[in-house]
Amino acid sequence: GSFEPPQLLGRQINTTRLDYCPSVHGGRLYFTSELPARLDISSMTKLKSWYESAGNGLGDIYWVDFHDILSE
């Protein structure tokens with residue numbers, strides 16, 4: 001009937017960036033992270049491609065199986 005103190009879940013999930021909105025469904029943990037990608041602004045086309053891609057540091061949804069978390 002009560003929650004345990006929070007704990008870090010390892011480098012696969014906890015990063016040095018903002019990690020938020022955890023959700024559990026079907027044995028998986030879904031979460032949002034602002035993991036950054038390398039930014040190449042040498043042209044407007046590359047900047048647009050970066051902005052529209054996953055890993056641009058603006059918040060992407062990731063998932064991991066609980067089995068992978070518990071086996072670390």
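What is the mean pLDDT of the protein, and what share of its residues reach 70 or more? The mean is 78, and 86% of the residues get to 70 or more; pLDDT is the predictor's confidence in each residue, from 0 to 100. You're looking at a predicted model, where local features need pLDDT of at least 70 and side-chain atom pairs count only at pLDDT 80 or more, while totals for chains, interfaces and linings use all residues. Residues are numbered from 1 along each chain as its sequence is written, and side-chain values use heavy atoms, with hydrogens and water left out.

**Stop 1: colour by confidence.** Select strand 1 (residues 19-25), which has the highest mean pLDDT among the elements, 88. Then pick helix 2 (residues 66-70), which has the lowest, 71. Helices (H or I, at least four residues) and strands (E, at least two) are DSSP runs, numbered from the N terminus. Where pLDDT is low, the predicted coordinates should not be read in detail.

**Stop 2: along strand 1.** Click on C21, which lies in strand 1. Its phi is near 60 degrees, a positive value in a residue other than glycine. C21 counts as exposed, at 53% relative accessibility (buried is under 20% relative accessible area, exposed over 50%, partly exposed in between, with a 1.4 Å probe and protein chains only). Now move to V24, also placed in strand 1 and exposed at 56%. Leaving aside neighbours within four places in sequence, V24 is in contact with L29 and F66 (contact means heavy atoms within 4.5 Å).

**Stop 3: the aromatic pair.** Show F31 and Y62, the one aromatic pair counted here. Their rings are stacked, 5.9 Å centre to centre with 25 degrees between the planes. For the rule: rings of Phe, Tyr and Trp (its six-membered ring) pair if their centres lie within 6.5 Å, and planes under 30 degrees apart count as stacked, over 60 as edge-to-face and the rest as tilted. F31 is in strand 2 (residues 28-33) and Y62 in strand 3 (residues 60-65), so the pair ties together parts 31 residues apart in sequence. F31 is buried at 8% relative accessibility, whereas Y62 is partly exposed at 27%.

Stop 4: Beyond its neighbours within four places in sequence, I13 is in contact with D19, L29, F31, V64 and I69.
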